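Please walk through this structure with me, one region at a time. Keep the model open beside the text.

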Amino acid sequence: MYVYVCICMCICIYMYIYIYMYIYMCVYIYIYIYICIYIYVLTGPHVPNFQASSNVTAGNLPAEASNVLPAPIYNLRPALITWLAINNWTNVLTKVYVINAGNNRGLSAHGGWMQYLSGPFEEEYLSDDPDLQEAISRSLSASASESDSQITLEALMEEIASRVKNDETIRFNIIRRNVWDGASRAMARSNFSPEKKIDVKFTDDYGISEGAVDNGGPTREFFRLCLNEIKDSIGIFEGPSSAKVLTCNSKAMKDNGYFRAGQIMAMSIAHGGQSPCFLSSVLYECLQKGPDNVQVKTEHITDDETRSQVQMSCWTQCAYNTKNKQETALDLANWYVLQRTRAPFERFRDGLKSLGVLEALQRHPQQLMCLFVKAEKLLTATDVENLFQILHSERGSNSFHQECRTRAFWQDYLQDAEFEKDVSLEEILVFVTGCDSIPAMGFSPKPTIEFIAYSRFPVANTCENILRIPVHAVYATFKSDMDFAIRNSPGFGRA
């Protein structure tokens with residue numbers, strides 16, 4: 001009896017262990033197959049584009065595939081990839097990077113997961129179903145565009161500005177009548193580097209240095225004046241004031257003028273100056289894509305006489321063939337606008353490489369376009385008014401009430417500047433900050449208005465961006481004194 005009981009207990013224990021191990025192995029096999037499907041669907045080796053059907057057996061699979069997964073699982077891979085691509089499962093595809101980070105197909109520091117995904121998938125399915133290829137490409141392109149669009153202009157500007165070395169300085173001795181000459185001398189020195197912080201010292205027409213320490217105001221004014229000379233005076237650009245294209249100038253090529261102009265534009269962006277937003281959309285597109293990838297029309301020829309000659313020549317030589325006439329006109333326009341100025345363009349582009357500006361432009365052209373191509377929106381009184389924070393005297397005091405009245409005068413003065421044009425909004429900005437437009441990163445420190453009673457004229461500190469306006473009882477007097485001060489202070493905001 002005792003033996004019988006022992007045998008029964010052993011059988012029960014054996015069956016219990018067997019059932020437990022069977023369940024455990026089933027669960028293990030299920031998890032293993034699930035993981036294999038997940039990894040193999042997304043990261044497996046090259047496979048033909050099998051259709052998921054019961055007609056496919058292990059006999060017609062590649063040898064390397066049948067050694068990894070059974071045929072039914074293996075043949076689901078193309079269908080699952082198609083489904084993932086069509087449904088734009090970018091979050092699922094992102095996990096491939098985590099799974100595959102340790103092998104040789106991992107990501108580079110700059111390639112991103114999009115580069116990883118596009119490589120294997122496009123290579124594996126290059127000869128497959130075009131619908132599949134299109135779905136994958138559309139998914140990857142949409143995700144890349146979404147990633148780029150999330151980067152803000154402020155973040156790009158901070159990245160560019162971080163390249164400036166504030167512990168090293170380079171001195172610019174400038175006379176306002178010829179800013180470009182002083183800038184060229186400074187940039188020709190052996191110790192010059194666009195990454196060094198700029199220290200600008202202005203001298204007047206008699207050679208006497210102006211008593212201003214460069215804490216930002218002289219630098220902003222220098223870039224404003226220098227960019228204006230680059231745009232209009234040194235002979236490397238032509239065309240409308242807000243849509244310039246490069247032109248040929250042998251002296252500027254010999255003096256390295258195109259390269260230095262590109263450097264000054266890059267430096268103005270990085271050092272907190274105003275943006276060089278006077279390039280044409282065609283020139284900006286060339287900087288982004290290269291001249292060989294840009295289409296030019298006859299309308300892009302800025303010289304009226306040359307444009308008329310090109311159009312007349314096409315009409316004369318191709319009078320009976322409209323197609324040839326259009327092709328000839330486009331070829332001539334392309335040569336005149338782009339190919340004729342190819343050497344100057346290369347030097348100008350090399351200058352823009354300074355401080356990583358060209359690289360940022362090519363990576364994020366939409367975000368940086370506002371720095372180089374003038375927007376349609378003009379500066380408004382509201383824009384200028386919103387720039388300033390206003391410091392008042394103690395609330396309830398006599399001075400406070402007088403300042404409130406003067407503040408209303410100031411707001412009316414900005415409205416008059418926008419519509420009446422006696423003194424422009426740009427001139428007001430120059431008086432206070434040294435810039436005639438709002439920089440991409442704004443002003444630092446934030447412009448401030450204070451009220452004074454000891455002077456009838458306004459006083460400005462362009463380094464600290466402080467405007468001190470006089471307290472007046474009558475608007476006509478306030479406006480007259482403001483106009484006189486702004487028009488007669490070419491220096492640093494002192495009437």
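A charge sits over a ring if NZ of Lys or CZ of Arg is within 6 Å of the ring centre and within 35 degrees of the ring normal. Arg340 and Tyr336 give one case: the charged end of Arg340 sits over the Tyr336 ring, 3.9 Å from its centre. Arg176 and Phe202 give another, with the charged end of Arg176 placed over the ring of Phe202 at 4.2 Å from the centre. Bear in mind that this is a predicted model.

Now turn to rings that meet rings. Two rings pair if their centres lie within 6.5 Å. By that rule, there are 13 aromatic pairs. Take Phe172 and Phe222. Their ring centres are 5.1 Å apart and their planes stand at 50 degrees, so this pair is tilted; planes under 30 degrees apart would count as stacked, and over 60 as edge-to-face. Where do Phe172 and Phe222 lie? Phe172 is in strand β1, residues 165-175, and Phe222 is in helix α10, residues 217-232. The pair therefore ties together parts that are 50 residues apart in sequence.

The cut-off for buried is under 20%. Phe172 and Phe222 also belong to one aromatic cluster, together with Phe192 and Phe223.

A second pair is Phe409 with Phe478. The centres of these rings are 5.9 Å apart and the planes are at 45 degrees, so this pair is tilted as well. Phe409 sits in helix α20 (residues 398-419), while Phe478 sits in helix α22 (residues 475-487). The pair thus ties together parts 69 residues apart in sequence. Both Phe409 and Phe478 are buried.

Go back to strand β1. β1 and β2 run parallel and are joined by eight bridges. Arg171 stands opposite Asp199 in β2.

Helix α9, residues 179-187, is mostly covered, with seven of its nine residues buried. The buried residues of α9 are Val179, Trp180, Gly182, Ala183, Ser184, Ala186 and Met187.

Helix α17 covers residues 357-363, and Val357 lies in it. Val357 has 1% relative accessibility, so it counts as buried. Which residues does it touch, leaving aside neighbours within four places in sequence? Val357 is in contact with Ile160, Ala266, Ile269, Leu352, Leu368 and Phe372. Val357 and Gln263 are 94 residues apart in sequence, yet 9.5 Å apart in space, C-alpha to C-alpha.

Finish with a separate sheet. Four strands form an open sheet with mixed pairing, in the order β5-β6-β8-β7. Its edge strands are β5 (389-390) and β7 (459-461), and each pairs on one side only. β7 pairs with β8 (residues 466-470) in the antiparallel sense, over three bridges. Asn461 has Ile466 in β8 as its bridge partner.

Conventions
Residues are numbered from 1 along each chain as its sequence is written. This is a predicted model: local features need pLDDT of at least 70, side-chain atom pairs count only at pLDDT 80 or more; totals for chains, interfaces and linings use all residues. Side-chain values use heavy atoms; hydrogens and water are left out. Rings of Phe, Tyr and Trp (its six-membered ring) pair if their centres lie within 6.5 Å; planes under 30 degrees apart count as stacked, over 60 as edge-to-face and the rest as tilted. Helices (H or I, at least four residues) and strands (E, at least two) are DSSP runs, numbered from the N terminus. Buried means under 20% relative accessible area, exposed over 50%, partly exposed in between (1.4 Å probe, protein chains only). Two strands pair if DSSP finds at least two bridges between them. Contact means heavy atoms within 4.5 Å.
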